[in-house]
Amino acid sequence: MTSNSFPIFDGVSNKYDNNTFYGRYQNFRDITDPSTLFATENDLNKSKTLLDNFKKGLVDPIKNSDELWKAKKIVDSTIHPDTGKPIFLPFRVSAFLPINVIICAGLILPNASIGTTIFWQWINQSYNIALNHANRNASNTMSNKQILEAYASAVGISCSLAVGLGWGVNKLNIQNKTISSALRMMVPFTAVTSAGIANVLIMRGNEMINGIDIKDKDGIIHGKSKEAGKSAVYKVAFSRAATSFPALLLPPIVMGLFERTSFVKKYPKVKMPLNLAVIAAIFNTSLPAAIALFPQESTISANSLEPEFRNIKDKNGNIIKEFIYNKGL
């Protein structure tokens, strides 16, 4: 162990145990850390060089463990694991928190007009499409036509649900303010969650149709599996729903408690910055927790794959019982 209790860097293992939820949560906190957005191109190049030199045996992992972990954090949060190229800054997972604080504030605006509702749902799905595409499993490509179809479908679903459900709640004319308020809170959550799941299924549907690369523990790719593609897409869709739940449902509840305080009643202008702070605090915890539900480098039993993958041998002549695939983010 190093002085800060992190394990000695070995170039393969994660800083925390990836076999446990808590370990994955801590690892994904590194990837989703917005501070990595301030890393310059020079910082990235230095980090890549340091890691390359480590692989060549030119860097002492004991003396330089902290520097190596920092370099890995910058590279992992910036570079796509399949393409090896930097992800466009706004669409990195580390940018999700600051950008979605603003988007969520727009989605849960009280008494929003139809135009305002449609605008924020459009903004949200436009960003989600770009994020999904930037962080997809890159072993399977999409045409521009497929991307546009996915975009139109997700925006159509989210806007239709948000406007339709909002209209439905108004038509019910519920007199009980608590019940009415609860139903109104559910409108953006239902619309965003449903569209978010549809967004992932449509945007990454070709992974289920054409399959994604699967590899053994030595990193050797053995082909594309549709079953692995389905597993990857379903896991990401579930994680997106889990992200939306606390981010859209908890802030109105927490703000309702704050609004009862004498301070907020005396200074009503603090509501907006307070609301943004609440959303940011919730996202800071819920985002890495939702992503950590499943490992990014997930495993799947050979018996769960297509028949052609069930009797493949590794480089040592042993039958491979478990394959690895990148589920994406």
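Figure 1. K73 is partly exposed, with a relative accessible area of 22% (buried means under 20% relative accessible area, exposed over 50% and partly exposed in between, with a 1.4 Å probe and protein chains only). The model is predicted: local features need pLDDT of at least 70, side-chain atom pairs count only at pLDDT 80 or more, and totals for chains, interfaces and linings use all residues. Residues are numbered from 1 along each chain as its sequence is written, and side-chain values use heavy atoms, with hydrogens and water left out. K73 pairs with D33 in a salt bridge whose closest N and O atoms are 2.7 Å apart; a salt bridge is a side-chain nitrogen of Lys or Arg within 4 Å of a carboxyl oxygen of Asp or Glu. Because K73 belongs to helix α3 (residues 65-78) and D33 to the loop between α1 (21-31) and α2 (41-55), the pair ties together parts that are 40 residues apart in sequence. Helices (H or I, at least four residues) and strands (E, at least two) are DSSP runs, numbered from the N terminus. By the salt-bridge rule, the count comes to eight.

**Figure 2. Salt bridge between K315 and D218.** The side chains of K315 and D218 form a salt bridge at 3.9 Å, N to O. This pair links distant parts of the chain, 97 residues apart: K315 is in the loop between β3 (297-301) and β4 (322-326), and D218 in the loop between β1 (212-215) and β2 (221-225). K315 counts as exposed at 59% relative accessibility, whereas D218, at 34%, counts as partly exposed.

Figure 3. K230 and E227 meet through their side chains in a salt bridge of 3.6 Å, N to O. Both residues lie in helix α9, three residues apart, about one turn of the helix. K230 is partly exposed at 30% relative accessibility, and E227 is partly exposed at 31%.

Figure 4. The structure holds two cavities of 30 Å³ or more. On a 1 Å grid over the protein atoms alone, a cavity is a set of points where a 1.4 Å probe fits but cannot get out, and lining residues have an atom within 4 Å of a point. Grid points are joined across faces, edges and corners, and a volume is the space filled by probe spheres set on the points. Of its 15 lining residues, F96, N128, V192, R240 and S244 lie nearest the centre. At least two lining residues come from each of α4 (96-107), α5 (114-134), α7 (177-203) and α9. The lining has eight nonpolar, six polar and one charged residues (Ala, Val, Leu, Ile, Met, Phe, Trp, Tyr, Cys and Pro count as nonpolar, Asp, Glu, Lys and Arg as charged, and the others, Gly among them, as polar).

**Figure 5. Second largest cavity.** The second largest cavity has a volume of about 120 Å³. Its lining includes V93, F96, L131, V236, S239 and R240, together with T243, L287, I291, K327 and L329. The elements giving two or more residues to this lining are α9 and α11 (271-291); α9 gives the most, with four residues. By class, the lining has seven nonpolar, two polar and two charged residues.

Terms used:
1 Å grid on protein atoms, 1.4 Å probe; cavity = no way out; pocket = protein on both sides within 12 Å on 5 of 7 lines; lining within 4 Å.
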